[in-house]
Amino acid sequence: MGTACFSAKRMDIKQCCVKLSVQPSRGLVDEEFTVLVQNLFPGFQLTVRALHQCEDGHTWDAFAHYIANATGEVNVSEDLSLGGTYSGIEPMGLLWSLRPVPGSKPWLRLRKMNVQTPMEVTISVYEGHQTEGFMDQVPLASVVVERWYMAPGVRRIPITEDGLTATLFLPPGPGPFPGLLDLWGGGGKLVEYRAALLASHGIASLALDYLTPKVTIETGKMVGNEYFEKAYRVLEQHPQILGSRIAMLGLSLGTSITLKMAVYSKVIKLRCAVCISGSHVQQVDGSLRQNLSYFDKNSAKIRFDKDNNVILRDMTLPITTNPSLKVDVGRLQCPLLLVVGEDDQDTPAYEAAMDMREMMEQAGNGHLLTVLSYPKAGHLIEPPFTPFIRASPIRSLGTGQKFLVLWGGETVAHSRAQEDAWRKTLVFLRKNLYGYTNPGAAMLSRL
């Protein structure tokens, strides 16, 4: 195609009716969508951009460069991105490559705190291969997409009984449903979005704040084992939940608690457990506060990268051989799924997983263990298409001081890990809680 001809066609494109469709335009956050641009000239250069303003007011975007095919179309699910925030054929690159727009506050992390409203993303098409100045241009077409953690009919129920700070999410319908206790890590607060998404897939899920609950704020005392047992009983005794089919899912510090409760609690009897980016190393007889203090004793092992981000993984390396300093997973009686990133810079999750495997094989319960290990993935393995964050600030529970933690991972590999791990986690939960693995059997994902 000659340059003059192509230039003329570029001028004419604004007189055409460029058609942009995103299907589904309303769906769950873990559901893939298809972005299709039509009515273009063959060979036309365009930029497809995603724009999202999160609840804290910060703006995130992602974009990719495409060339229309011989029929004047671009299908993001099938066509090659030539550059932008991602390249290659990446059906969901417009979401997982989202990053704060240039000039934003550093070290932001995209997390949905109000799960009763959707994550709104504006998908737009621009003429030419653009990398900046989007706000100064008029897009050729735009579509607003809704991404939900709560499927229609999922019920959100705040739980405050027995001193708990928690939220229960019940799937649509009368039930009864299997249950799950959802524990996040050392950042504290009540984080609901993963529990809401699990309920959207047919599992009644209780999101639990155990580091900064109301009882701790009022008394200054950290919770004990009985706090988690009370949360378990909420699930066990609920009339719409199958009390004999309850799982626990923990990330980071939540893994430590999940393993401890699964092995030693006289109350908690799990059908299965999922542990993400965590370790079994802890003072087995110690309280939550004592275990946090135990890690602080190893602060001399903390390292810093070239950007002064904190690397914490060495604090529990090498993995101890002292049986009083790690959960005896050889006593575990339920299936366990470990999800680890091999570039985790916060926790030596891979090394811990290998040690747990050895312990369980020696004890004769190795058949209960499944390990998903991902090269070049970091610590924060979240639901699919969550934007990759290599480092972000957390606040020390002891001193209240903020510091930047290096989570590790590489963008593409980590994003792939999130998709694969979530899909396999749902299969694992369905198999052990429902007794089947059909991916569509318990899904309520279509909105």
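A: Gladly! Let's start with helix H6, whose buried residues (under 20% relative accessible area, with exposed meaning over 50% and partly exposed in between, 1.4 Å probe, protein chains only) are Leu253, Gly254, Thr255, Ser256, Ile257, Thr258, Leu259, Lys260, Met261, Ala262 and Val263. This is a predicted model, in which local features need pLDDT of at least 70 and side-chain atom pairs pLDDT 80 or more, while totals for chains, interfaces and linings use all residues. Residues are numbered from 1 along each chain as its sequence is written, and side-chain values use heavy atoms, leaving out hydrogens and water.

Because 11 of the 12 residues of H6 are buried, this helix is largely enclosed by the rest of the structure. H6 covers residues 253–264 and reaches 17 Å from its first C-alpha to its last, close to the 16 Å expected at 1.5 Å a residue (the expected span is 1.5 Å times one less than the number of residues). Helices (H or I, at least four residues) and strands (E, at least two) are DSSP runs, numbered from the N terminus.

Tyr264 of H6 takes us to Lys326, which touches Tyr264 and also, among others, His280, Thr320, Asp355 and Met359 (contact means heavy atoms within 4.5 Å). Lys326 sits in the loop between strand E17 (310–311) and strand E18 (336–341), and counts as buried because its relative accessibility is 8%. A polar atom of the Lys326 side chain lies 2.8 Å from the backbone oxygen of Thr320.

Glu55 belongs to the loop between strands E4 and E5 and Lys112 to the loop between E7 and E8, so the pair ties together parts 57 residues apart in sequence. Glu55 is partly exposed at 43%, whereas Lys112 is buried at 9%.

Arg109 forms a salt bridge with Glu382, their closest N and O atoms being 3.0 Å apart. Since Arg109 is in the loop between E7 and E8 and Glu382 in the loop between E19 and E20, this pair links parts 273 residues apart in sequence. Here Arg109 is partly exposed at 22% relative accessibility, and Glu382 is buried at 6%.

Note on methods:
Polar contact = N/O pair within 3.5 Å; in protein donor to acceptor, adjacent residues only side chain to side chain. Salt bridge = Lys/Arg side-chain N within 4 Å of Asp/Glu carboxyl O. Lists of a residue's contacts leave out its neighbours within four places in sequence.
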